[in-house]
Amino acid sequence: MLSVHTSPLHQPGTGDAGGMNVYIVELAKRLAAIDIEVEIFTRATTAALPPAVELAPGVLVRHVDAGPYEGLAKEDLPAQLCAFTHGVMQAWAGHRPGHYDLVHSHYWLSGHVGWLAAERWGVPLVHAMHTMAKVKNAALAEGDTPEPAARVIGEQQIVRAADRLIANTDEEAEELARHYEAARELVAVVHPGVNLDRFRPADGRAAARARLGLPADALIPLFAGRIQPLKAPDILLHAVAHLLEEDPSLRERIVVPVVGGPSGSGLAKPEGLHKLAARLGICDVVRFRPPCAQDELADWYRAASVLVMPSYSESFGLVAIEAQACGTPVVAASVGGLPVAVRDGVSGTLIHGHDPADYARALRPFAAEPERADRMGAAAARHAESFGWDTAAAATAEVYTEAMRERRRLRSGHG
Ligand code: UDP
């Protein structure tokens, strides 16, 4: 596997680390469990890192020197792809021929390295976009910076070069075909999973609230994830301001945790959300928390009345499925993978558009009827159970097998 711009060892929830890191870790572990050994190449970002780290039995993370450890943003990395590829080739040169059976690249930067490596090694290239420039640009938050044309071109090249593409949802498969002219039969849809051992209702909402020092009877709409315009935590704050305007007595019993750190275009104004809370006069109810390990995040999910995801685009939205697995319903924008992750009216509410008043309207019943969180939360936990990583790994292994079979067929066809 190739993950150039972010390491599976990084803490997700801030900067360049998010769902893709979790995806790679969980998928690689489950693949290893079914006898598919995985090596993950990623760019070294500190001098202290050993060249290789065992993440789990059968999963090795290899650190590649490509450019300085610090000071390079993701946008600078296209200039480091040759250096990175050189590192990958050096590691390969130390092995017997045929060491790698297949390359699975994640995100377009890795796709370019994978393109060359797979061709050199005579093995298939399987690629997962995770996000796509054209899709992001079609649904930008107001004032957000569009993805550059160079990325669009880079993505188009990978779509042409890859043996197989893996999409999170049917919607993403359609987007690959519509925006990048991917051949539909080469796109496999594999839903990401959720770690059901870690994300489960456990001892319930009241106990989680007690552990986190949150009031037992409060309305707690939670935001969790990278703080950037496309995730739109500002819409949640506006919605909360609406609720408080309508019912000032709610101020005594509402807490709005925002768990995560700045990322992407959000890095330009890291204080932006704090300032918005001040402008809206709701600093007393909003609690900003830095990104935390998933075991702690699970408690934030359990404690919440509802997870709120007003995102402009979301290739899947792992936090939606994690919160539900913990027994918490989700109010989400009806974009990207969220209509798959959330069962509208059963495990949460899907909202068309980004009007804060609509989000306030969806939150109001949770304030009026606190048992709603438990009732919908139970349905949410049941819904999440169908998203195990074992299923995702088995489906991914099937894609690998097909891609390798197709290669063999072509090779024998050509004599
Ligand atoms: N996450 C975390 N700690 C935090 C906030 C988020 O570990 O404080 C993880 C979360 O569990 C999820 C991932 O970051 O697995 C975010 O994935 P998602 O698909 O929701 O968003 P992305 O970052 O890919 O846009």
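Which residue of β4 does Ala56 stand opposite?

## Strand pairing

Ala56 stands opposite Val59 in β4. Strands here are DSSP E runs of at least two residues, helices are H or I runs of at least four residues, and both are numbered from the N terminus. Two strands are said to pair if DSSP finds at least two bridges between them. Strand β3 (residues 52-56) runs antiparallel to β4, and 4 bridges join them. These two strands form a hairpin with 2 residues between them. Gly58, in the turn, has a positive phi of about 85°.

Strand β4 (residues 59-64) also pairs with strand β2 (residues 38-43), in the parallel sense and over 6 bridges. Within this pairing, Val61 in β4 is the bridge partner of Ile40. In a regular strand, side chains alternate between the two faces of the sheet.

## Basis of the model

The model is predicted: local features need pLDDT of at least 70, side-chain atom pairs count only at pLDDT 80 or more, and totals for chains, interfaces and linings use all residues. Residues are numbered from 1 along each chain as its sequence is written.

## Annotated binding-site positions

An unreviewed UniProt entry lists positions under "binding site", among them Gly18, Lys74, Thr131 and Arg151. UniProt positions are given in the numbering used here, feature names are shortened, and annotations may be inferred rather than shown by experiment.

Gly18 lies in the loop between β1 (2-3) and α1 (19-33). Gly18 counts as buried because it has 25 C-beta neighbours inside 10 Å; the cut-offs are 20 or more other C-beta atoms within 10 Å for buried, 12 or fewer for exposed, and partly exposed in between, with C-beta atoms placed from the backbone. Leaving aside neighbours within four places in sequence, Gly18 is in contact (C-beta atoms, placed from the backbone, within 7 Å) with Pro12, Gly13, Gly225 and Arg226.

Thr131 is placed in the loop between β6 (125-128) and α4 (133-138). Thr131 is also classed as buried, because 21 C-beta neighbours lie inside 10 Å. Residues up to four places away in sequence not being counted, Thr131 touches Lys136 and Ser315.

## His383 in helix α14

His383 belongs to helix α14 (residues 371-384). With 21 C-beta neighbours inside 10 Å, His383 counts as buried. Beyond residues up to four places away in sequence, His383 touches Gln324, Arg343, Val346 and Ser347. His383 and Pro215 are 168 residues apart in sequence, and their C-alpha atoms are 28 Å apart in space.

Notes
Two residues are in contact if their C-beta atoms, placed from the backbone, lie within 7 Å.
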